[in-house]
Each structure stands twice: as structure tokens, then as C-alpha cells.
Amino acid sequence: MDPGPKYTALGLTAVGLAVLGALFILFPAVRMLGVTLLITAIIIGIVVLTQRDRIIWEGVTAICLPAVILVVAAGIGIASTPSTPSTTANQATGASSSAGEASTPSATFSTQETQAAQTAYSEAPSATNLVALYSACEEPWLGHQTKDPAVWSDDWTRHRVQGALILCPDHKDRAAVEEQLKATEGKPSQGEVEKKAVQVAYGTQPSTGTNSSDEYERDLETLKELCGKRYLGDTEGKWPWSESQRQEAKGAFVLCPDHQDRGEVEARWRKGEQADQGRSEGTRFGNGTFRVGQKIQPGTYQTETTASEGFSACYWERQDEAGNIIDNNFMSGALQAQVTIAPTDFAFMSRGCGEWHQ
């Protein structure tokens with residue numbers, strides 16, 4: 001039976017869409033639109049074929065012709081599409097080796113790649129190590145933008161940067177990178193600086209033992225926290241700057257030698273050193289009874305309190321050999337006190353007066 005002009009027009013529309021879709025599919029930018037047009041053509045063909053008053057030839061043509069064009073066009077499109085593997089992976093492997101495979105025989109790599117791997121890793125080239133080097137070539141400063149000398153002095157960093165430069169000799173940052181390598185040559189690495197800092201501060205070094213290693217990491221973290229504080233934490237200037245505090249500060253300054261408060265902190269710890277020296281020489285002392293000429297030296301001493309209300313109960317006395325009081329005083333509310341200990345005094349006793357010093 002005659003299907004009528006309506007179905008004939010639908011069949012021709014399907015053919016037209018198929019042809020247009022085939023053209024579009026050849027161009028990557030509109031390939032998806034081409035696929036859509038071809039699928040639409042097939043659907044229209046099915047509609048024509050399934051009508052009750054159909055002509056088999058028109059139905060078959062409406063379905064088969066677009067389908068054939070779709071298959072042919074897709075094949076042409078796939079064949080004409082250039083292979084786009086990852087640049088770094090393609091360069092690094094020279095074949096289809098995956099990063100997890102063992103190193104391919106050196107013959108599959110260029111002389112340049114072999115030299116780069118030997119420089120960076122002291123080993124034969126492989127997919128894994130060359131991918132890392134090619135990736136570095138794509139980064140500013142080869143992936144090391146910091147100018148911290150301790151980082152650039154690290155052998156691990158230096159070798160990999162030098163290996164990457166062999167692969168990309170025309171890198172835009174080559175001159176700056178080489179200048180940084182030259183400026184930091186022979187200087188201690190970050191790891192060496194950290195080990196020295198912990199050793200100076202606490203007299204310890206990391207070891208293979210788990211507990212010791214954990215302790216080292218905690219000590220290192222403590223020093224880093226001090227470096228991030230004003231005056232290393234002594235913001236009010238009230239620390240006594242004992243021997244342990246001074247050593248800890250010295251270790252922190254190994255990590256942060258350019259700390260903004262270094263000068264003031266060093267002045268404070270020198271006062272702590274002077275105080276310790278005075279204690280050892282008997283010219284600085286606190287509460288207790290002290291033999292004059294043995295534990296403490298004769299002379300004029302003073303003491304102060306930082307409490308706004310002054311001393312709450314400061315008492316001192318000079319004694320003769322029999323224990324009799326030569327002179328004494330009790331103070332409450334005073335901010336400072338002074339006493340002169342004579343060479344003829346046998347002992348001096350102090351309680352609640354803080355630390356006496358000359």
C-alpha cells in the first residue's frame with residue numbers, strides 16, 4: 001500500500017539527519033551533536049517502519065542507511081583522532097609500561113633520560129622516577145618555590161632538581177634555580193638543622209627506637225612553637241632564664257636565626273647567666289641561713305619584688321658565731337630592701353625576701 005507522502009517525508013528526513021550527523025561526527029568540536037543527529041535519524045526510521053501502512057523498502061532504508069552511516073562515520077572519527085596519552089607518562093615510559101612495573105631495560109630510554117635518572121636517584125631510569133622528573137619540569141622552580149637555604153641544601157632536593165634540569169634544559173626558571181643551588185651549596189640541610197636544634201636545646205638526637213623518635217618529634221615541635229612566639233614566649237620578661245631555658249632558646253634560634261626578638265631574648269638570657277654565676281660565687285642567694293665567707297660573700301645586697309602590694313612578710317637577720325642577732329628587720333608592703341653583711345658576721349638568715357643580689 002502507498003504509505004502516503006507523510007511517511008515518505010519522514011524517511012527522507014531520517015536520511016538527511018544521518019548525512020548531517022555523519023559530517024558533524026568527523027569534527028571533535030561537534031562530534032556529540034553528530035552522534036545525537038544519527039540516533040535521532042534511527043528513531044525516525046523505526047517510526048516509519050512500524051507504521052501499519054508502510055512500504056518495507058522505505059522503512060529499511062530509513063533505519064539501515066543512518067545505522068550504516070553511523071558505524072562508518074564513527075570508525076572514521078576514531079581512526080582520525082590522534083592518540084593523546086599523558087605527556088609525562090609517554091615521555092617517561094617510552095612504551096606502555098605502567099608506573100608500577102619494574103624498570104624497563106635502559107635501552108628503551110634515551111641517553112638524556114638515563115643521565116637524568118642517575119643524577120636524581122642514582123639508579124637506572126624507570127617509569128616511576130622519570131614521571132616524577134617530567135612532572136617537576138612542568139612546575140615553577142621545578143616544584144621548589146621556597147628560598148629557604150635549609151631546603152635547597154638538602155641533598156634529596158638538589159639531586160632531583162639537577163636531574164630535572166637535564167630533562168628540561170630550557171626551563172623558564174633555570175637561571176634562578178641554578179643561582180639558588182650555587183648559593184646554598186655546602187650549607188646544612190633542613191634535616192641537619194633540625195637535628196642540631198634539638199641537640200642544642202635538649203642534648204638529644206633522633207634514633208631508630210620508636211619512643212626516642214617520638215620524643216625527638218615532640219622536642220622539635222616545641223622548638224617550632226617557640227619560634228612562632230614573641231620573645232620565645234617570655235612576653236612579660238619575667239622568666240628567670242635558667243640554664244635549661246637558655247639552652248632551649250639557643251636551640252630555637254638554630255631553627256629561626258632571624259627571629260625578630262633575638263637581640264632582646266639574648267640580653268635576657270645573659271642576665272640569667274649572670275644570676276647563675278652570682279649564685280655559684282655566693283653573691284646571689286634566696287631563703288635560708290648562709291655562712292658568711294663560705295656560702296655567701298660579705299657586701300651590700302638588695303632585693304626587689306614585682307608584686308604591686310610589696311613584700312608580704314620579708315624578714316632577715318645577721319648573726320654572730322653564737323647565733324645572737326647582730327641586726328635584723330621585718331618588712332611588709334615594701335617593694336625593695338637592702339642590707340650590708342659585714343666580713344665579721346658569722347651567718348645571714350633570710351625568709352620571704354626573694355633573691356638577694358649585689
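The chain contains 13 helices and 8 strands, where helices (H or I, at least four residues) and strands (E, at least two) are DSSP runs numbered from the N terminus. The structure is a predicted model, in which local features need pLDDT of at least 70 and side-chain atom pairs count only at pLDDT 80 or more, while totals for chains, interfaces and linings use all residues. Residues are numbered from 1 along each chain as its sequence is written, and side-chain values use heavy atoms, with hydrogens and water left out.

A word on confidence comes first. The mean pLDDT (the predictor's confidence in each residue, from 0 to 100) of the chain is 81, and 77% of the residues reach 70 or more. Over residues 81–89 the pLDDT is below 50, and this stretch has 7 contacts in the model beyond near neighbours in sequence; a contact means heavy atoms within 4.5 Å. The pLDDT is also below 50 over residues 92–107, a stretch with 18 contacts beyond near neighbours in sequence. Across the chain, 62% of the contacts with a separation of 6 or more join residues 24 or more positions apart.

Of the 358 residues in the chain, 35% are buried, that is, under 20% relative accessible area, with exposed meaning over 50% and partly exposed in between (1.4 Å probe, protein chains only).

Strand 4 pairs with two strands, pairing being assigned if DSSP finds at least two bridges. With strand 5 (residues 325–331) the pairing is antiparallel over 6 bridges, and C314 stands opposite M331. These two strands form a hairpin with 5 residues between them, and G323 in the turn has a positive phi of about 90°. With strand 7 (residues 347–351) strand 4 pairs in the antiparallel sense over 5 bridges; here M349 is the bridge partner of E317.

Among the helices, the axes of helix 10 (residues 190–202) and helix 12 (residues 243–255) come within 7 Å and cross at roughly 170°. Axes are lines fitted to C-alpha atoms, for helices over the stretch in contact, and angles run from 0 to 180 degrees between N-to-C directions. Helix 10 and helix 12 are therefore roughly antiparallel to each other, a label for angles over 145 degrees. Residues of helix 10 including V193, A197 and V200 meet residues of helix 12, among them Q247, G251 and V254.

Terms used: Angles under 35 degrees count as roughly parallel, over 145 as roughly antiparallel, 65 to 115 as roughly perpendicular and the rest as oblique.
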